[in-house]
Amino acid sequence: MNLALDPAVARKLDAYRRRRGRLVAFRAVCAAITALLVGLAAVALIDWYWLLSDSTRWLLSAAAYAGAVIAGLIACLGRFGVLRRGGPAGRAAVAAAIEDADPAVRERLLSAVELAADDPASVHDSPAFRALLQGDVAKRMATVRPAKLLPPPSPTRERRLSAQPATVRFETIGRRA
């Protein structure tokens, strides 16, 4: 009897993980752009207020670029998190995220992922129960759409936040002239 995770369920888990990864990467890019614009606006304001030497201006600009890279990395790896690739721990994390988003598979998907065994010798309970659970979860996962669970990013949030510092900077330059 096959006790491994159903291939249809594994494909859905991988699709969800890939989509979430793309959304996290998009947020990281938006965070980096925002940090860069804010940093360069701060450098421009400091340069406008105080007379800076070229070396100081270069140093502040390099600090703004470094801050943007750090902000992108923090957004990608820190607060938003990245679901690990395959393996039991990664699949369990993805299954828990799908269960949180879709009530149709709640309390079943994570159980099916945790009970999936690649080695039949490690099974100490009923293989028939595991097969029934795998079949039930495969049917329920047929209706799960990762694009529905993770909608595209809202242009009114990330993109607007990235555009605000540029707007403030251009308005400041316009008033000065």
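Contact here means heavy atoms within 4.5 Å. By that criterion, residues 24 or more positions apart account for 75% of the contacts in the chain with a separation of 6 or more. The model is a predicted one, in which local features need pLDDT of at least 70 and side-chain atom pairs count only at pLDDT 80 or more, while totals for chains, interfaces and linings use all residues. Residues are numbered from 1 along each chain as its sequence is written, and side-chain values use heavy atoms, with hydrogens and water left out.

The chain contains seven helices and zero strands, where helices (H or I, at least four residues) and strands (E, at least two) are DSSP runs numbered from the N terminus. Along the sequence the pattern reads α-α-α-α-α-α-α. Of the 177 residues, 29% count as buried; buried means under 20% relative accessible area, exposed over 50%, and partly exposed in between, with a 1.4 Å probe and protein chains only. The accessible surface of the chain comes to about 11300 Å², and 63% of this surface belongs to carbon and sulfur atoms. These areas come from the Shrake-Rupley method with a 1.4 Å probe; for residues, only the protein chains shown count as cover.

The largest nonpolar core has 21 residues, and those that touch the most other members are V9, L13, Y16, I98, L109, V137 and M141. Such a core is a set of buried Ala, Val, Leu, Ile, Met, Phe, Trp, Tyr and Cys residues joined through side-chain atoms within 4.5 Å. At least two residues of this core come from each of α1 (7-49), α3 (87-101), α4 (109-115) and α5. The most are given by α1, with five residues.

Helix α3 holds R91 and A92. R91 counts as partly exposed because its relative accessibility is 29%. Leaving aside neighbours within four places in sequence, R91 is in contact with L5, A10, L13 and V113. R91 and D14 lie 77 residues apart in sequence, with 8.3 Å between their C-alpha atoms. A92, at 18% relative accessibility, counts as buried. With neighbours within four places again left aside, A92 is in contact with L110 and V113. From A92 to L109 the C-alpha distance is 8.9 Å, across 17 residues in sequence.

Helix α5 has 15 residues and reaches 21 Å from its first C-alpha to its last, close to the 21 Å expected at 1.5 Å a residue; the expected span is 1.5 Å times one less than the number of residues. The buried residues in α5 are R130, L133, Q134, V137, A138 and M141. They cover an arc of only 135° around the axis, so they lie on the same side of α5. The arc is that of the directions from the helix axis to the C-beta atoms. An α-helix has 3.6 residues a turn, so residues three or four places apart point the same way. The face of α5 turned away from the buried side carries the exposed residues L132 and K139. F129 also lies in α5 (residues 127-141) and, at 46% relative accessibility, counts as partly exposed. The C-alpha atoms of F129 and L115 are 9.8 Å apart, with the two residues 14 apart along the chain.

A search of the whole structure finds one aromatic pair. The ring centres of Y49 and W50 are 4.8 Å apart and the planes stand at 85°, so the pair is edge-to-face. Rings of Phe, Tyr and Trp (its six-membered ring) pair if their centres lie within 6.5 Å; planes under 30 degrees apart count as stacked, over 60 as edge-to-face and the rest as tilted. Y49 is exposed, with a relative accessible area of 60%.
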